[in-house]
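Dear colleague,

My notes on it follow, and I would ask you to read them with the structure open.

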Amino acid sequence: MAKILIVYFSRSGENYVDGDIKSIAKGNTERVAEFVQNAVGGELFKVEPAEPYPEDYNACLDKAKQELYANARPEIKAFPEDFDSYDTIFVGYPNWWGTMPMCMFTLLEKFDLNGKTLIPFCTNEGSGMAFSAHDLKQICLGAVVKNGISVHGADAENSEAKVAEWAKEALK
């Protein structure tokens, strides 16, 4: 049986939801990560930047765009322990500017992922997976990157059945 790790970055507070900026108590990607864990088990690991993103949604987007254009690798607070012991890694993130937040690149580039199975999931307000799966394949050489799932952020709270079905199928 596969040893599963679910790594994700998620942001609560001000978020773009169905055309408006709203404050949410739990980030959409965190909800989806929990649904994955409920469906297939595994350990959860939340990626936290050493310098948190601004609370203000627009300021957060500006910082995310600056990091992307600079190809930055922002420091993160911690890395998963015993990472090498996992063979299947679900990778979750919001789609920011067409890909993963740069802190996810920081995490993934630290480890040798050769031979590991990566299964991406993202939340977004309409842009889907965009280039994120392609980017995963580029930085995670030697890993098998399976088909991911895109969850509309405004629907994340009610996506458990859809996510569970996808997660179970992704492990086959």
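**Findings: helix packing and cores**

The crossing of α3 and α4 is right-handed. Please bear in mind that this is a predicted model.

Two packed helices are described by the angle between their axes and the distance between the axes. Here, helix α3 covers residues 102-109 and helix α4 covers residues 132-139; their axes come within 11 Å and cross at roughly 30°. Angles under 35 degrees count as roughly parallel, and α3 and α4 are therefore roughly parallel to each other.

Which residues bring α3 and α4 together? On the side of α3 they are F105, L108 and E109, and these meet D135, L136 and I139 in α4. By type, the residues of this contact comprise four nonpolar and two charged, with no polar ones.

The buried residues of α3 are M102, C103, M104, F105, T106, L107 and L108. Among the elements that cover them are β1 (4-8), α2, β5 and α4.

In soluble globular proteins, nonpolar side chains tend to be buried together. In this model, the largest nonpolar core has 31 residues, and those with the most contacts inside it are I89, V91, M104, L113, L118 and L136. At least two residues of this core come from each of β1, α2, β5, α3 and β6 (117-124). Which element gives the most to this core? It is α3, with six residues.

Leaving aside residues up to four places away in sequence, L118 touches I89, V91, L113, L136, C140, A143, V144, V145 and K146. A second, separate core has 18 residues, including V40, F90, F121 and A167.

A78 is found in the loop between α2 (57-69) and β5 (88-94).

With kind regards

Conventions. Residues are numbered from 1 along each chain as its sequence is written. This is a predicted model: local features need pLDDT of at least 70, side-chain atom pairs count only at pLDDT 80 or more; totals for chains, interfaces and linings use all residues. Side-chain values use heavy atoms; hydrogens and water are left out. Axes are lines fitted to C-alpha atoms, for helices over the stretch in contact, and angles run from 0 to 180 degrees between N-to-C directions. Helices (H or I, at least four residues) and strands (E, at least two) are DSSP runs, numbered from the N terminus. Angles under 35 degrees count as roughly parallel, over 145 as roughly antiparallel, 65 to 115 as roughly perpendicular and the rest as oblique. A crossing is left-handed if the near helix is turned anticlockwise from the far one by less than a right angle, and right-handed if clockwise. Contact means heavy atoms within 4.5 Å. Ala, Val, Leu, Ile, Met, Phe, Trp, Tyr, Cys and Pro count as nonpolar, Asp, Glu, Lys and Arg as charged, and the others, Gly among them, as polar. Buried means under 20% relative accessible area, exposed over 50%, partly exposed in between (1.4 Å probe, protein chains only). A nonpolar core is a set of buried Ala, Val, Leu, Ile, Met, Phe, Trp, Tyr and Cys residues joined through side-chain atoms within 4.5 Å.
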